[in-house]
Amino acid sequence: MELTVLNKKENPLFNRKEVELNVETNASPKTSEAEEFVAKEFSTNAENVKIKGINGKFGSRNFVVLANIYQSKEEKDKIETKTKTPRKKKGAAKKA
């Protein structure tokens, strides 16, 4: 896996670094894998990293990873939006 930094920007308003990385690998990296290698590259904890997107083209081995790196987990939780998990429909289990 080859990793190159395409763009790095310091955002003092949100106390974070906004980075864009190019990753060359055989398969599309999972979000947890992307958090780990971004944290390793920038010498921080994986829980301080928020992956905004992993973009690739069909048949290509290059993927662009967009990530935000926060100073602490508390800063990340305060700024990033939290999503709810969708509920299952009540009648879905009865059809079988």
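**Before starting**

The model is predicted: local features need pLDDT of at least 70, side-chain atom pairs count only at pLDDT 80 or more, and totals for chains, interfaces and linings use all residues. Residues are numbered from 1 along each chain as its sequence is written, and side-chain values use heavy atoms, with hydrogens and water left out.

**Stop 1: the whole chain**

Show the protein chain as a cartoon. There are two helices and four strands, in the pattern β-β-α-β-β-α along the sequence. Helices (H or I, at least four residues) and strands (E, at least two) are DSSP runs, numbered from the N terminus.

Of the 96 residues, 26% are buried. Buried means under 20% relative accessible area, exposed means over 50%, and partly exposed lies in between (1.4 Å probe, protein chains only).

**Stop 2: the sheet**

Select strand 1 (2-11), together with strand 2 (16-24), strand 3 (49-56) and strand 4 (62-70).

Two strands pair if DSSP finds at least two bridges between them. Strand 2 and strand 4 run antiparallel and are joined by nine bridges; select Glu20 to find Leu66 of strand 4 opposite. Strand 3 and strand 4 are also antiparallel, over seven bridges, and here Ile51 stands opposite Ala67 in strand 4. Five residues lie between the strands in the hairpin of strand 3 and strand 4, where Gly59 has a positive phi near 85°.

**Stop 3: helix 1**

Select residues 31-41, which form helix 1. Which residues of helix 1 are buried? They are Ala34, Phe37, Val38 and Ala39. An α-helix has 3.6 residues a turn, so residues three or four places apart point the same way. The buried residues of helix 1 pack against strand 1, strand 2, strand 3 and strand 4. After the helix comes Ser43, with a positive phi near 55°.

**Stop 4: the core**

Show the side chains of Val38, Val49, Ile51 and Val65. Of the 13 residues in the largest nonpolar core, these touch the most other members. A nonpolar core is a set of buried Ala, Val, Leu, Ile, Met, Phe, Trp, Tyr and Cys residues joined through side-chain atoms within 4.5 Å. Strand 2, helix 1, strand 3 and strand 4 each supply at least two residues of this core, and helix 1 gives the most, with four.

Centre the view on Ile51. Leaving aside neighbours within four places in sequence, Ile51 is in contact (heavy atoms within 4.5 Å) with Thr31, Ala34, Glu35, Val38, Val65, Leu66 and Ala67.

**Stop 5: Val23**

Is Val23 buried or exposed? Val23 counts as buried because its relative accessibility is 0%. Beyond four places in sequence, Val23 touches Met1, Glu2, Leu3, Phe37, Arg61, Asn62, Phe63 and Val65. Met1 is 22 residues away along the chain, with 6.8 Å between the two C-alpha atoms.

**Stop 6: Glu80**

Finish at Glu80, in the segment after helix 2 (73-79). Glu80 is buried, with a relative accessible area of 11%. What does the side chain of Glu80 meet at 2.4 Å? The side chain of Tyr70, in a polar contact. Other polar contacts join the side chain of Glu80 to those of Lys52 at 3.4 Å and Asn68 at 3.5 Å. A polar contact is a pair of N or O atoms within 3.5 Å; within protein, one must be able to donate a hydrogen and the other to accept it, and residues adjacent in sequence count only if both atoms are side-chain atoms.

Residues that Glu80 touches, not counting those up to four places away in sequence, also include Arg16 and Lys50. Glu80 and Lys50 are 30 residues apart in sequence and 8.2 Å apart from C-alpha to C-alpha.
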